[in-house]
Amino acid sequence: MTASDICRLIHLYEVYESEHSHPNFEQFSIWLFKALDSDSTEGESADGQRLADRAHRTMHRIEKYVALYAKKVLRELPVSTMEDYYFLEAIDLLGSAPKSEVYNATVTETTTGAQILKRLQRLGLISERPDEVDRRVKLVTLTDEGRDVLEQGRAGFARVAQLRFGNMAASDRDTLSESLRYLEAFHSDIHSQHRSDETFEQLFVRALPS
């Protein structure tokens, strides 16, 4: 996100605030989405699409930069990817959990998730056991070594997260954070209804009906 994008976002919030007696960020996120959609229907679709394309490219580039920072932290750990570390975090939060719950928590496809769990198990960072109720279900848990690795990485990745947002003012971070929460909820809802046989066009129309 560029400085001009942030300025535009602040301006739009001022418009929203002037129209609502009890403004809040969650409702602003919904209003913003509708406002941008309304702009496109009023002949500004080209500008709106350019803004969306630029934001998409910017977010992608930021993630690439962050991945470079994360690699430096990972050099000190036995895991080699951020996905491995995110899996350790998810298992720590879930406790002893079925593999399917870990995949859902990390938004990972089953095949890829199974490979990551096998890798973590080979490293001795997680253990696996059958569920007492349904022995067909495998539960995964962090080992003591896994907890040590998670603890070793926390300080470094906390600083990576801090670096991701640069020297933005606290108020700008709050605004961005609320917008990202809305987007996360928006995409989480799409993902929860995802069907493997659904085409992208079907998904798009379902998510953004005209």
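Reply: β2 and β3 pair in the antiparallel sense over five bridges; strands (E, at least two residues) and helices (H or I, at least four) are DSSP runs numbered from the N terminus, and two strands pair if DSSP finds at least two bridges between them. This is a predicted model in which local features need pLDDT of at least 70 and side-chain atom pairs count only at pLDDT 80 or more, while totals for chains, interfaces and linings use all residues. Residues are numbered from 1 along each chain as its sequence is written, and side-chain values use heavy atoms, with hydrogens and water left out.

Me: Which strands stand at the edges of the sheet?
Reply: The three strands form an open antiparallel sheet in the order β1-β3-β2. Each edge strand has a single partner, so one side of it is left without a neighbour in the sheet; these strands are β1 (97-98) and β2 (126-130).

Me: Which residue in β3 is the bridge partner of Pro98?
Reply: β1 and β3 run antiparallel and are joined by two bridges. In β3, the bridge partner of Pro98 is Leu139.

Me: How many of the five residues of β3 are buried?
Reply: Buried means under 20% relative accessible area, exposed over 50% and partly exposed in between, with a 1.4 Å probe and protein chains only. β3 is largely enclosed by the rest of the structure, because its buried residues number four.

Me: Beyond its neighbours within four places in sequence, which residues is Phe157 in contact with?
Reply: Contact means heavy atoms within 4.5 Å. Leaving those neighbours aside, the partners of Phe157 are Ala70, Val73, Leu74, Leu77, Met82 and Tyr85.
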